[in-house]
Amino acid sequence: MVHDAGVVSLRVAHPDDYPILAAMRYDFRAAMDEPDEDRDVFEARMVSWLEEHLRASHPGVWKAWLAFEDRFGEGEPIGMAFLHLVDKIPNPVPEPEQLGYITSVYVRPDHRGGGVGAALLDAALDECRARGLDTIVLWPSARSRSLYERRGFRSPGMVMELPLVDHPGRSRP
Ligand SMILES: CC(C)(COP(=O)(O)OP(=O)(O)OC[C@H]1O[C@@H](n2cnc3c(N)ncnc32)[C@H](O)[C@@H]1OP(=O)(O)O)[C@@H](O)C(=O)NCCC(=O)NCCS
């Protein structure tokens with residue numbers, strides 16, 4: 001899939017992309033909190049996780065997109081987004097049986113503010129709509145709430161949350 005946001009392009013991530021996804025994941029989280037794992041160790045662990053979750057034993061359950069700085073997907077990767085499909089228990093009434101969890105929406109700092117994050121989010125939302133999901137959930141950072149609110153995300157009283165730990169990856173409004 002190619003999706004234009006100015007001069008960038010998006011496509012679904014494939015196995016050759018796992019090292020860059022792992023590197024961006026480290027950059028993303030290390031900017032929010034002090035890592036307690038070396039970059040090399042983390043990236044190797046993350047690549048293994050991607051091999052298991054995006055490719056082999058969980059087909060169709062996780063999906064990731066990459067953004068590139070050029071129109072053809074051949075330039076430098078500058079952003080990513082992940083979607084996790086969460087099964088609900090089957091029910092006998094006309095109600096969708098999967099949720100979407102959008103996570104790790106990230107754009108490199110020098111490419112922010114130009115619509116790349118919104119384009120990545122739109123790719124994930126298009127997939128959710130095409131699959132007829134019930135609801136999409138995510139945990140925004142404080143600064144990114146407006147990005148999601150522009151796409152219709154709200155904080156309703158419908159969802160109950162019990163955080164068991166506190167960390168900078170979970171922001172409060
Ligand atoms: C959130 C993020 C993916 C948005 O990418 P982007 O390409 O800058 O987004 P767009 O240009 O499409 O939209 C701009 C919106 O992004 C958000 N944003 C911009 N800079 C941001 C930053 N440094 N940190 C978090 N969100 C930011 C804001 O909601 C902004 O809207 P505003 O102009 O009303 O303030 C990107 O800023 C980022 O990687 N931030 C750090 C990681 C993060 O917070 N991810 C979201 C939690 S999963």
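A residue is called buried when its relative accessible area is under 20%, exposed when that area is over 50%, and partly exposed in between. By this rule Trp62, with a relative accessibility of 13%, counts as buried, whereas Trp49, with a relative accessible area of 29%, is partly exposed. The structure to which these two residues belong is a predicted model, and the paragraphs below start from this pair of residues and lead on to other parts of the chain.

Trp49 and Trp62 form an aromatic pair, with 5.0 Å from centre to centre and 75 degrees between the planes, and this pair is edge-to-face. Trp49 belongs to helix α2, which covers residues 39-56, while Trp62 belongs to strand β2, so the pair ties together parts that are 13 residues apart in sequence. Both residues are also members of one aromatic cluster, which they form with Phe82, Tyr101 and Trp139.

Several residues of α1 are buried, among them Tyr18, Leu21, Met24, Arg25 and Phe28.

In the model as a whole, the count of aromatic pairs comes to 7. The rings of Phe28 and Tyr106 have their centres 5.5 Å apart and their planes at 25 degrees, and since planes under 30 degrees apart count as stacked, this pair is stacked. The pair links distant parts of the chain, for Phe28 lies in helix α1 and Tyr106 in strand β4, 78 residues apart. Tyr106 is buried as well, at 6% relative accessibility. Arg29, in turn, lies over the face of Phe28, at 5.8 Å from the ring centre.

Strand β4 also holds Ser104, which counts as buried because its relative accessibility is 7%. The side chain of Ser104 is joined to that of Arg25 by a polar contact of 3.1 Å. When neighbours within four places in sequence are left aside, Ser104 is in contact with Arg25, Phe28, Met80, Ala81 and Phe82.

From these individual residues the reader can turn to the nonpolar cores. In soluble globular proteins, nonpolar side chains tend to be buried together. In this model the largest nonpolar core has 25 residues, and those with the most contacts inside it are Ile102, Val116, Leu120, Leu121 and Tyr148. Two or more residues of this core come from each of β2 (62-68), β3 (77-87), β4 (98-107), α3 (116-130) and α4 (145-149), and the largest share, 9 residues, comes from α3. Tyr148 touches Val105, Leu121, Leu138, Pro140 and Phe153, if residues up to four places away in sequence are not counted. Apart from this core lies another one, of 19 residues, which includes Ala13, Phe28, Leu50 and Leu66.

Helix α3 is also where Arg129 is found, and Arg129 counts as exposed, since its relative accessibility is 58%. Arg129 and Ala44 are separated by 85 residues in sequence and by 33 Å in space, from C-alpha to C-alpha.

Conventions. Residues are numbered from 1 along each chain as its sequence is written. This is a predicted model: local features need pLDDT of at least 70, side-chain atom pairs count only at pLDDT 80 or more; totals for chains, interfaces and linings use all residues. Side-chain values use heavy atoms; hydrogens and water are left out. A nonpolar core is a set of buried Ala, Val, Leu, Ile, Met, Phe, Trp, Tyr and Cys residues joined through side-chain atoms within 4.5 Å. Buried means under 20% relative accessible area, exposed over 50%, partly exposed in between (1.4 Å probe, protein chains only). Helices (H or I, at least four residues) and strands (E, at least two) are DSSP runs, numbered from the N terminus. Contact means heavy atoms within 4.5 Å. Rings of Phe, Tyr and Trp (its six-membered ring) pair if their centres lie within 6.5 Å; planes under 30 degrees apart count as stacked, over 60 as edge-to-face and the rest as tilted. A charge sits over a ring if NZ of Lys or CZ of Arg is within 6 Å of the ring centre and within 35 degrees of the ring normal. A polar contact is a pair of N or O atoms within 3.5 Å; within protein, one must be able to donate a hydrogen and the other to accept it, and residues adjacent in sequence count only if both atoms are side-chain atoms.
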